[in-house]
Amino acid sequence: MFHAYPPDTWVEAPKQSFPSSLSADEFKALFRGHPGGVAVITADAGEGPVALTVSSVVSVSAEPPLLIFSVSALSSASEVLSRAETVVVHLLDAHDIDLAKFGATPGADRFDQTHRWSTLATGEAVYEDVRAWVRCAVINRMEVGTSTIIAVHALESRVMRDVQAGEAGDALVYHNRSWHRLGEHSKHEG
């Protein structure tokens, strides 16, 4: 059984003012060199599904199974994600590059049958043939700067292409404004 987490469980940092901070360009340059795994998030708040590509999915806890991701206020999906009670997080690998690019294309109809998708019995849109997906209940949202951090509790998952412990797999990462495939060729021994 899923238990909601009360909003007061997030601890707010004290408000501080800083004499200086990085500029937006300096901050972007800093993180261009830091790769992130690629996921597509789908959600529906009652008016039809939306989807977007993110590189901000992070596992937070295995027990209970929690993860977070962030959504820019500039995203066309942000309004729906601000109201959706559930989401599906699709964890992609290099075989899913077309879906990753599609979810990142501004103005694209992400449910036009370019990529096969269906609706789960619980109503969420799920893309088929992806490495893995997890259906989650939204437990909290926090406005931070120009983004919203969304915390979710994992309810159900499916893994189509598993990666055994220690194997390189075919991970898809976003690094320095481009897509990269991690595999045996990029594995560092040592």
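User: Which helix do Phe27 and Phe31 both lie in, and how many residues apart are they?
Analyst: Both lie in helix α1 (residues 24-32), four residues apart, about one turn of the helix. Helices here are DSSP runs of H or I with at least four residues, strands are E runs of at least two, and both are numbered from the N terminus. This is a predicted model, where local features need pLDDT of at least 70, side-chain atom pairs count only at pLDDT 80 or more, and totals for chains, interfaces and linings use all residues. Residues are numbered from 1 along each chain as its sequence is written, and side-chain values use heavy atoms, with hydrogens and water left out.

User: What kind of aromatic pair do Phe27 and Phe31 form?
Analyst: A tilted one, at 5.1 Å centre to centre with 45° between the planes. For the cut-offs: rings of Phe, Tyr and Trp (its six-membered ring) pair if their centres lie within 6.5 Å, with planes under 30 degrees apart called stacked, over 60 edge-to-face and the rest tilted.

User: And why does Phe27 count as partly exposed?
Analyst: Because its relative accessibility is 46%; buried means under 20% relative accessible area, exposed over 50%, and partly exposed in between (1.4 Å probe, protein chains only). Phe31 is partly exposed too, at 43%.

User: Why is the Phe111 and Trp117 pair edge-to-face?
Analyst: Because their planes sit at 75°, with the ring centres 4.8 Å apart. Phe111 is buried at 13%, while Trp117 is partly exposed at 22%. Ring pairs also link Phe111, Trp117 and Tyr127 into a cluster.

User: Switching to packing: how many residues are in the largest nonpolar core?
Analyst: It has 21 residues, and those with the most contacts inside it include Ile41, Leu81 and Val152. A nonpolar core is a set of buried Ala, Val, Leu, Ile, Met, Phe, Trp, Tyr and Cys residues joined through side-chain atoms within 4.5 Å. Apart from that core lies another, of 15 residues, with Phe111 and Leu172 among them.

User: What is Leu81 in contact with, leaving aside neighbours within four places in sequence?
Analyst: Ile41, Ala43, Leu52, Val71, Val87, Arg141 and Ile150, where contact means heavy atoms within 4.5 Å.

User: Last one: which element has the lowest mean pLDDT?
Analyst: That's α1, at 85, whereas strand β6 (residues 86-91) has the highest, at 97. pLDDT is the predictor's confidence in each residue, from 0 to 100. For the protein, the mean is 87, and 91% of its residues reach 70 or more.
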